[in-house]
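This report describes a protein chain with its ligands. Please keep the sequence and the model at hand while reading.

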Amino acid sequence: MKLRLILGDQLSHNISSLSDVDTQNDIILMCEVRSEATYVKHHKKKIAFIFSAMRHFAAELAEQGLNLRYVRYDDPDNAGSLSGEVARAVGKHEIDEVIVTTPSEYRLSDDMSRWAQALNVHVSIRSDDRFLSSASDFAAWADGRKQLRMEFFYREMRRRYSILMDQDGPIGGQWNYDAENRKPPSNGLDVPTTYRAYPDAITQEVMDLVGTHFADHFGDLTPFHFAVTRDQAIVAFEEFIARRLKMFGDYQDAMIQGEPWMFHSHIGLYLNCGLLEPLECIQRAEAAYHNGTAPLNAVEGFIRQILGWREYVRGIYWLKMPDYKTVNFFDAQRSLPEFYWTADTQMNCMRQCITETKQNAYAHHIQRLMVLGNFALIAGLDPDEVNNWYMLVYADAYEWVELPNVTGMILFADGGLLGSKPYAASGAYINKMSNYCRSCKYKPTVKNGPTACPFNYLYWDFIARNEGKLRGNPRMGFVYKSLDRMSDEKRDAIQADTRRFFSAIETNEKV
Ligand SMILES: Cc1cc2nc3c(=O)[nH]c(=O)nc-3n(C[C@H](O)[C@H](O)[C@H](O)COP(=O)(O)OP(=O)(O)OC[C@H]3O[C@@H](n4cnc5c(N)ncnc54)[C@H](O)[C@@H]3O)c2cc1C
Ligand code: SF4
């Protein structure tokens with residue numbers, strides 16, 4: 001008899017661990033375990049989403065006639081860990097083989113490599129073919145290259161999957177339309193609302209469980225409106241194609257107060273747990289371009305995120321783990337300020353992005369990168385603490401995608417492996433790309449003193465503080481030229497403001 005284990009992010013009917021399932025004899029094991037729900041204290045909405053999606057998926061498998069062994073979180077015999085539950089199932093049934101699709105995270109993969117010996121049973125770990133580039137494909141691509149850059153990987157993926165191609169070249173003559181995707185928000189933009197499902201009895205039961213067992217976790221449990229089945233996730237994605245994709249490109253980087261969802265797709269959580277598959281989303285968006293529903297800059301921009309960035313960060317993760325978890329290029333040591341949990345800060349951009357994160361377990365890419373991440377970078381926050389925060393606050397967070405985005409993209413803690421230069425910016429960028437500054441106590445145009453935007457002096461302090469590590473970066477030359485032109489008085493003022501700001505954080509004064 002075979003035991004087929006399905007993890008919480010493997011909710012795909014065509015997952016490799018089910019490919020040759022024997023409906024009469026095999027047992028499908030799914031379990032809600034404490035170790036997975038609490039290894040970081042995940043947002044309440046994230047736990048509710050995953051448990052509800054798991055229960056719905058299990059019900060679908062049972063309807064197809066498969067033998068389910070589903071262990072609920074509050075089952076009194078729940079062993080509390082995946083290995084414990086596999087051991088319990090192996091002890092109870094006549095299991096001669098455990099079959100599982102390779103887990104997405106290093107931590108679990110490492111754990112699983114010991115199961116065969118520990119359980120004295122044959123364990124088959126199958127590849128996860130939902131991803132479009134395997135770890136070994138990526139390693140082969142990376143091998144021998146002096147520098148890894150997403151853009152070149154992305155072009156190869158476009159060719160390999162024949163996406164937006166015109167014979168050997170890109171449709172439209174350009175591979176990348178990013179330069180057209182940086183419009184600031186304009187007045188009177190009509191932003192459609194996000195998809196809203198109503199919690200059914202299964203979701204309601206899970207929400208009650210989360211309310212009881214995870215009350216001290218970050219985030220608001222209600223209102224809960226995520227899709228929890230593949231059918232719902234398809235509807236959510238189709239709403240994006242019909243209502244938001246055409247504006248996705250233009251306003252990809254824009255932020256508007258009170259508009260957390262903007263023109264993004266909000267499908268990261270569905271892709272990452274398997275309710276949607278990357279290739280189907282890419283091909284659907286490509287079809288929208290061909291049938292005239294959306295322009296090329298929007299469709300190419302959206303496809304680049306999934307075919308390019310998503311696969312690229314996963315490649316980096318498997319190439320560099322486990323060392324990638326401990327890199328700290330700038331030797332950043334500062335603790336995460338309390339306001340990342342409470343949103344209690346006078347910096348309006350931070351307050352808005354943290355509040356929305358708390359409400360929705362979601363923030364869009366530019367909020368994560370250029371507000372929350374930019375602050376973490378220029379304030380020199382400890383990579384472990386920043387990674388912990390990002391891992392637990394977002395419903396789409398899994399280490400394989402969270403870690404490279406935080407360690408590589410926002411903190412430059414890998415010294416430039418993932419990106420060519422740090423995404424550091426002053427208040428001018430946030431003021432250009434959002435309307436947050438209008439409702440802020442600080443002024444983005446003031447550079448020093450108590451009314452100055454903290455991003456302004458922290459930015460220059462970061463540049464000066466890390467001069468030894470960054471001056472040689474060819475993309476930072478113009479920044480250091482500006483620093484060289486700066487008067488001593490100006491430099492002193494930056495240092496004094498920075499010291500005052502950090503000491504206020506350390507003494508829990510509101511900043
Ligand atoms: C600091 C930081 C942390 C992040 N943490 C996560 C995370 O834990 N999980 C996660 O899925 N994404 C993460 N991202 C990437 C990106 O911000 C989210 O995928 C995106 O905001 C999800 O919202 P969406 O579905 O509306 O995306 P859209 O903007 O509509 O993009 C479409 C899809 O493209 C993919 N994508 C876009 N950008 C990236 C990227 N940089 N890396 C990988 N995939 C990408 C996602 O699957 C996303 O759903 C992070 C980015 C940053 C800067
Ligand atoms: S002034 Fe500075 S702190 Fe305030 S919202 Fe603008 S960028 Fe953020």
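## Basis of the model

This is a predicted model, in which local features need pLDDT of at least 70, side-chain atom pairs count only at pLDDT 80 or more, and totals for chains, interfaces and linings use all residues. Residues are numbered from 1 along each chain as its sequence is written, chains are lettered from A and ligands numbered from 1 in the order in which they are written, and side-chain values use heavy atoms, with hydrogens and water left out.

## Domains

The chain is divided into domain 1 (2–126), domain 2 (135–192 + 244–319) and domain 3 (339–506); such bounds come from an automatic or database domain assignment. Between the C-alpha centres of domain 1 and domain 3 the distance is 39 Å. Contact between these two domains involves eleven residues of domain 1 and 15 residues of domain 3, where contact means heavy atoms within 4.5 Å.

Histidine 122 is in strand E5 (residues 122–126). Helices (H or I, at least four residues) and strands (E, at least two) are DSSP runs, numbered from the N terminus. Apart from neighbours within four places in sequence, histidine 122 is in contact with Asp96, Glu97 and Val98. Proline 260 is 138 residues from histidine 122 in sequence and 48 Å from it in space, C-alpha to C-alpha.

## The site of ligand 1

There are 29 residues around ligand 1, and those that come nearest are His264, Ser265, His266, Asn272 and Tyr362. A residue counts as near if one of its heavy atoms lies within 4 Å of the molecule. The shell has 16 nonpolar, nine polar and four charged residues; Ala, Val, Leu, Ile, Met, Phe, Trp, Tyr, Cys and Pro count as nonpolar, Asp, Glu, Lys and Arg as charged, and the others, Gly among them, as polar. Domain 2 and domain 3 each supply at least three residues to the shell around ligand 1.

Polar contacts (pairs of N or O atoms within 3.5 Å; within protein, one must be able to donate a hydrogen and the other to accept it, and residues adjacent in sequence count only if both atoms are side-chain atoms) link the ligand to the chain as follows. A polar backbone atom of histidine 266 is 2.7 Å from an oxygen atom of ligand 1, and a backbone N or O atom of glycine 268 is 2.9 Å from an oxygen atom of the ligand. Glutamine 305 places a polar side-chain atom 3.4 Å from a nitrogen atom of ligand 1. On its own, ligand 1 has 810 Å² of accessible area, of which the protein covers 99%; areas come from the Shrake-Rupley method with a 1.4 Å probe, and for residues, only the protein chains shown count as cover. Two or more shell residues come from each of helix H11 (268–273), helix H13 (296–320), helix H16 (365–378) and helix H18 (399–410).

## Helix H18

Eleven of the twelve residues of H18 are buried, among them Glu399, Trp400 and Glu402. Buried means under 20% relative accessible area, exposed over 50%, and partly exposed in between (1.4 Å probe, protein chains only). The cover over these buried residues includes H11, H13, H16 and helix H17 (383–393). After H18 comes phenylalanine 412, with a positive phi near 55 degrees.

Around ligand 2 are Met347, Cys349, Gly427, Ile430, Tyr436, Cys437, Cys440, Tyr442, Pro444 and Cys453. By class, nine of these are nonpolar, one is polar and none is charged.

Serine 434 is in the loop between helix H19 (427–433) and helix H20 (454–465) and is buried, with a relative accessible area of 7%. Its side chain reaches the backbone oxygen of isoleucine 430 at 2.7 Å, and a polar atom of that side chain lies 3.1 Å from the backbone nitrogen of tyrosine 436. Proline 450, in the loop between H19 and H20, is exposed, with a relative accessible area of 63%. Leaving aside neighbours within four places in sequence, proline 450 is in contact with Tyr442 and Arg500.

## Backbone features

A cis peptide bond joins threonine 222 to proline 223, with omega about -10 degrees. Another cis peptide bond joins methionine 321 to proline 322, with omega about 5 degrees.

Methionine 262 has a positive phi near 40 degrees and is buried, with a relative accessible area of 0%. Aspartate 331 has a positive phi of about 55 degrees and is partly exposed, with a relative accessible area of 48%.
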